[in-house]
Amino acid sequence: MCAIEAGNRGRRVLVLDHANKAGKKILISGGGRCNFTNLYATPDDFQSQNKPFCVSALSRYIPQDFISLVEKHRIPYHEKKLGQLFCDGSAQEIVRMLLDEAAAAGVTVRLSCQVTGIRREGEVLGFLVETDLGAVAAGSLAVATGGLSIPKMGATGFAYTVARQFGLDVTPTRPALVPLTASGRNLEFCRNLAGVSIPCIARCNGASFTENLLFTHKGISGPAVLQVSSHWREGQQLHIDLLPGLDPLTHLQAQQAARPKAELRTILSALLPRSFSEAMCGTYLPNRAMGQLSHQELAAVGHTLKDWTISCDGTEGYRTAEVTLGGVDSTGLSSKTLEAIKAPGLFFIGEAVDVTGPLGGYNFQWAWASGYCAGQYV
Ligand SMILES: Cc1cc2nc3c(=O)[nH]c(=O)nc-3n(C[C@H](O)[C@H](O)[C@H](O)COP(=O)(O)OP(=O)(O)OC[C@H]3O[C@@H](n4cnc5c(N)ncnc54)[C@H](O)[C@@H]3O)c2cc1C
């Protein structure tokens, strides 16, 4: 996006990437269909230590701007849910669109070229970019090397190294939009249910998401957990409403009157996956006939189902995290141009910057918007 905009302004632009293919993360995103934006993305949705920073770029390049580009290239798309827009066909169409736009803007893209270092050649001369294919001189430089997520795909902390070299701070980074891991009794519980998915409301630290929870061999995942993982910190519990929109006590009392001999797990199996109900009745809930449960016990069951707490030990880490929380401290950047205040001509965009969106097309919207805005000045 940044290269396209700069190229369209008549700048001579060279894009360097050590990957052997352009836009690798776009290609694997959204299960190969790329959730390229979100209709409802607003600056309020993003996490950052400097929240107001992202307002400018996200207001100047909005989801409809990217949708117009997609439509200009006649790429069919659909809304899956919650404003999340996906290609009908393949994520390759988005990469093709960007490469076509870049070619039309006169941009040169050089792949399989690792950038190893940056040297300042004086304010007028700009930068010397050192690569494994030789050095390149550049009047200005946009660092768009992303965050630490999925090192196997070529993610590096290069942006943070460059930021520090030029006197910018880097806020603490951690894996986000990532499955959580459990241990001991919790791990055994999750492992036995691996593959089972439950619609729920997951809450942690004031954030709440109505989505599915998925048990895995290592702990929990699914969209509800990925979302809440960006707000979770080590040692904290997740609070799960397993029956959104239902008053379980009223339901259980009615069932107790109608079917006193039925076991609690049978009653719960009508509301939740059978394997989950059976696992709950024997660990977190009593395993008895409805008629044998006192009012107090029924109320406790209702409470557990509305506020089931599960402790997690950690995350699956950058190996599977969709994004990196934190990054180049935006207080050192201009929110209008994305240029480093202390290093004129040096720009930071995309996931490298301490701006992180939730699941659902938000992180690409930030990448497009920040790239677009920097491209007007780089
Ligand atoms: C599995 C997965 C699925 C995702 N799905 C979605 C989704 O559907 N919707 C959404 O909004 N977001 C999604 N994301 C997040 C999204 O992909 C990123 O936020 C986005 O790609 C960030 O764009 P970027 O250009 O800042 O960085 P990146 O896309 O990470 O690009 C950085 C580039 O820099 C290159 N690079 C790094 N270091 C060097 C170096 N030293 N020299 C040369 N090149 C270097 C890398 O090869 C890479 O091509 C997903 C992420 C993952 C991991």
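This briefing walks through the domains, the ligand site and a few residues of the structure above. It's a predicted model, where local features need pLDDT of at least 70 and side-chain atom pairs count only at pLDDT 80 or more, while totals for chains, interfaces and linings use all residues. Residues are numbered from 1 along each chain as its sequence is written, and side-chain values use heavy atoms, with hydrogens and water left out.

**Domains**

- The protein splits into domain 1 (2–174 + 322–375) and domain 2 (180–315); such bounds come from an automatic or database domain assignment.
- Taken over C-alpha atoms, the centres of domain 1 and domain 2 are 39 Å apart.
- Where they touch, 8 residues of domain 1 are in contact with 10 residues of domain 2, with contact meaning heavy atoms within 4.5 Å.

**Around the ligand**

- The ligand has 28 residues around it, and the closest are Asp17, Asn35, Thr156, Glu351 and Phe364; a residue is near a molecule or strand if one of its heavy atoms lies within 4 Å of it.
- Sorted by class, that shell holds 12 nonpolar, 12 polar and 4 charged residues. Here Ala, Val, Leu, Ile, Met, Phe, Trp, Tyr, Cys and Pro count as nonpolar, Asp, Glu, Lys and Arg as charged, and the others, Gly among them, as polar.
- Helices α2 (24–28) and α13 each give the shell at least two residues, and α13 has the largest share, with 4 residues. Helices (H or I, at least four residues) and strands (E, at least two) are DSSP runs, numbered from the N terminus.
- A polar side-chain atom of Glu351 sits 2.8 Å from an oxygen atom of the ligand.
- On its own the ligand has 1,000 Å² of accessible area, and the protein covers 88% of that. These areas come from the Shrake-Rupley method with a 1.4 Å probe; for residues, only the protein chains shown count as cover.

**Asn363, in helix α13**

- Asn363 belongs to helix α13 (residues 362–375).
- Asn363 counts as buried because its relative accessibility is 19%; buried means under 20% relative accessible area, exposed over 50%, and partly exposed in between (1.4 Å probe, protein chains only).
- A polar atom of the Asn363 side chain lies 2.8 Å from the backbone nitrogen of Gly357.
- Leaving out residues up to four places away in sequence, Asn363 touches Leu177, Val323, Thr356, Gly357 and Pro358.

**Tyr77, in strand β3**

- You'll find Tyr77 in strand β3 (residues 77–79), and at 27% relative accessibility this residue is partly exposed.
- The side chains of Tyr77 and Glu71 make a polar contact of 2.5 Å. That term covers a pair of N or O atoms within 3.5 Å; within protein, one must be able to donate a hydrogen and the other to accept it, and residues adjacent in sequence count only if both atoms are side-chain atoms.
- Ile67 is 10 residues from Tyr77 along the chain, and their C-alpha atoms are 9.3 Å apart.

**Two loop residues with positive phi**

- Ile150 isn't a glycine, yet has a positive phi of about 60°.
- Ile150 lies in the loop between β9 (141–143) and α6 (158–165), and is buried at 18% relative accessible area.
- Leu177, also not a glycine, has a positive phi of about 50°.
- Leu177 is in the loop between β10 (174–176) and β11 (180–181), and with a relative accessible area of 2% Leu177 is buried.
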